[in-house]
Amino acid sequence: MLQDIGTRNAEKTAKSKAFASIAAFAATAIVAYVALDYMLDRSLPSPEEEYRAAELRGTITVYHDSLGIPAIYADDELDAAFALGFLHARDRMFQMEVSRRAAEGRLSEIFGKQTLEFDRLFRVVGIARIAERLLTEVDSSTIDLLEAYSAGVNFFLDETDLTLSIEFDALNHEPEPWKPAHSLMIARMMGWELNINWYHDLVMGSLERTLDPALAASIAPYDGTIPPSAGAKSPAPVTTPADREPPRRRAREDDPNEAPNVGAPESDDSPSADTSSIASGFLRVAREYRAFRGTRGTTIGSNNWAVSGARAVNGKPIIANDPHLAFQAPGKWYFAIIRAGDWNAEGVTIPGAPGVVIGKNKRVAWAFTNVMSDETDFYLETLDSSGRFYLYDGKYRPIAVETDTIAVRDSSDAVVKIRRTTHGPIVSDIGYAARGGSDTVREALSMRWLGFESSDEIGAIYKMNLASNWEEFVASLESFATPAQNFLYADADGNVGWITGGRFPDRGGTPPFIYDGTDAANDWRGFIPFERNPRLFNPDSGVIATANTAPLVDPGFYVSAAYAATSRFDRIHELLGAKEKHSEADLRRVQIDVVSPLAREIRQYILDAFERVEVADDNLEIALLLFRDWQGDMDAYSQAAAIYSVFMKRFVDNVYRDDLGDDLFTEFCYIANTPYRSVRKILRENDSAIFDDRETPRYEGRDAMILKSFDEALDELEARLGSDPARWQWGRIHKLTFEHIFGGHSAALDRMFNVGPFGVGGDGTTPMNTEFSFGDRSPMGKTDAYQALVGPSVRYVYDFSTPSVLRVSLPMGQSGNILSEHYRDTTPLWLAGDYFTITLDDASLRNPRARKTTIMPL
């Protein structure tokens, strides 16, 4: 299914620009790497560890299996939180350090001025300020948990004889003590990173302001938000001019649907939204921060499903989850098993915070997918001539201003001015050092984000870990606000359920992309009561599945306009509906399925476009033959999958770029959901002026654009892989590399820190999501034009009929230490679509041959 492709010739991206200082530390890193004996002795745990800690109430014993997965045995829950903090720090401290510093806006203290704009971004957004406030608001049990966890992290940092991982030596940096607020920052950063609807609002707002209204409405990835108006270009069929030379691959085209270029602008100036948009700096910095952290893809989707006992072969519920996040090294998750008082849970945890995020306990299992909720609104503020006051509710009010200082390594400190209105921080200042009170700027863009509100996600997750039935499970989510998730539920009694956990602003209807900030009527009216959050319990079908599409039942209030394309959801239901009863192995097969219903649909448009075309090229004939038998299988070895994917990238570029301009086109494609949904819409409706090529005097139409893009796809494949179509396998250009933050700067660092590349199947519309980007041009020499950016960050399947067996697959190992055997030991299994089995009975967990860590009270 998957194949090793070989080394990657990495291209510098925004990440490498923002992180160029790493090269200066490469020599230090390599020297440290060569000194393996020294590092192995000091940065890796020994087979038997024994420590004493004053903070403990009782003895902690941790058994580590052959993959480094810990089973924590403690006398009470707080000691277990201490142990989890210790283990996270021992195995993932550098990952935790970068995450908390990003949230605080303090990356530049260790990375220098290259990360200064990221620090400005998060000082303005105020993640650290929010976390400090939450410390005074969350439940006291959450504070106890966070303090115990922090004590465990600090015990590793201060009291053990283990050294930190090689990244700290390379940067000559020592981490500060961990505080409870840091864990709250980690949780809130998850809310920031998984909330992409704000990006959609700004881009679609630029689209609305830049294009003719009818054209903008025709390509918007939904219906009804942008109203059409007169003046749009419209197709009018005429025949091909007799003197036009046909493309080299086609001898004759009976009806390419070519028409005069009706309504085209007289001038040839392509629009450029990024230079004129008030939010362009904010968009740019946010995008570059994602690249810095290795998050270039933004589908950020997931799948989960559960079948009831009536739909299971063994008569008990089965639950499955594979959250789709950016591929990275080390991985996003850390697997742990906890046995401590009432806290008996196992599953994946987030380094930096206590709690099992996805997993199970003795009675209940749970799974997440992103709701794609719209948790952010923007307000266009009208300023007075001084730039110090903004108009709100009929009066000019003073802008709240504070200054903050950012320490910058090897450079002078930087001062950032943070301005706020009643709606929130002014984000249009981000990316423009000169902006902020200038008398030439009469408008500003402020942001209201759900993440600014009070909530207790860590406490909610902990209570969910303790739940024993549906009622307790639902109640645990009342304090969970962001990022809104589809919480899937199954229990030992045979029940299955689903609820949207999260808080939803009451806007009184569907919001515009950007509100008028002068009108108080545009403010949020509060929040939808938790009791109205959509939910299902034991549906008659016996099957519940979510995949980032609209809620399974109508919520009766606005949730989002930026859902995922339905292709993954449709394919999952195809497979779950194909048989009456399913086994645990059946659900594992669904997780690694690479068939795309969207590709199957678009394939037919391609075949129809060629129906009246006489083929004059051998490779075109072969390609069309392959397509006639192809049913959307995006296997790594498939030639049809490669042809289709290259065609899609060319089609999106040909259809959208000339109307949107380079900047807006890049933003439009940045969230892959947008082009996927838009392409499906314009192909079905076949009435958009977007099918016009502005470079020509005539209106091309849908089929002509399909023919052109298909020709170009074959040209590109020939240039990349040779003239023999047998070599055009999708996995040869669709590659996956698990990239470390140190990667992408030198071949030596890549070999040390990165894992891959590997050829993979799938795309952003298959159940096994392996999204690539449409936004960049794909020059022939660019080796990562089809790089897999997003995909399963863990695969997890649990069958209640075998309560002591859990199936898991992790793309990267448990350790973040590149010298550890557990840095990449799970990768081959994940690539093969296979799983490791965790046996959960005490005798197996307390294996006398397991590596053991004991921490005793003083």
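A residue is called buried here when its relative accessible area is under 20%, exposed when over 50%, and partly exposed in between, using a 1.4 Å probe and protein chains only. By that rule Glu-104, with a relative accessible area of 14%, is buried. The model is predicted, so local features need pLDDT of at least 70 and side-chain atom pairs count only at pLDDT 80 or more, while totals for chains, interfaces and linings use all residues. Residues are numbered from 1 along each chain as its sequence is written, and side-chain values use heavy atoms, with hydrogens and water left out.

**Nonpolar cores**

- A nonpolar core is a set of buried Ala, Val, Leu, Ile, Met, Phe, Trp, Tyr and Cys residues joined through side-chain atoms within 4.5 Å.
- The largest such core has 247 residues, and Phe-282, Phe-473, Phe-651, Tyr-656 and Phe-710 have the most contacts inside it.
- Helix α21 (residues 639–670) gives the most to this core, with 18 residues; helices (H or I, at least four residues) and strands (E, at least two) are DSSP runs, numbered from the N terminus.
- Leaving aside residues up to four places away in sequence, Tyr-656 touches Ile-219, Phe-665, Phe-668, Ser-678, Val-679, Ile-682 and Ile-690, where contact means heavy atoms within 4.5 Å.
- A second, separate core has 16 residues, including Trp-305, Val-307, Ile-572 and Ile-592.

**Helix α17**

- Helix α17 spans residues 567–576, and its buried residues are Ser-567, Arg-568, Phe-569, Arg-571, Ile-572 and Leu-576.
- These buried residues pack against strands β7 (302–307), β8 (318–326) and β24 (543–546), and against helices α18 (584–591) and α19 (597–609).
- Within α17, Arg-571 and Glu-574 lie three residues apart, about one turn of the helix.
- An α-helix has 3.6 residues a turn, so residues three or four places apart point the same way.
- Arg-571 and Glu-574 form a salt bridge, their closest N and O atoms being 2.8 Å apart.
- Arg-571 counts as buried because its relative accessibility is 13%, whereas Glu-574, at 32%, counts as partly exposed.

**Salt bridges**

- A salt bridge is a side-chain nitrogen of Lys or Arg within 4 Å of a carboxyl oxygen of Asp or Glu, and the count by this rule comes to 43.
- Arg-106 meets Glu-104 in one of them, at 3.6 Å from N to O.
- Arg-106 also bridges to Glu-176, with the closest N and O atoms 2.8 Å apart.
- Arg-106 counts as buried at 15% relative accessibility, and Glu-176 as partly exposed at 34%.

- Arg-188 is found in helix α10 (residues 180–194) and counts as buried at 3% relative accessibility.
- Not counting residues up to four places away in sequence, Arg-188 touches Ile-127, Ile-130, Leu-134, Trp-449, Gly-451, Glu-453, Ser-455, Glu-457 and Thr-482.

**Charges over rings**

- A charge sits over a ring if NZ of Lys or CZ of Arg is within 6 Å of the ring centre and within 35 degrees of the ring normal.
- Arg-846 lies over the face of Tyr-73, at 3.7 Å from the ring centre.
- Arg-535 lies over the face of Phe-530, at 5.4 Å from the ring centre.
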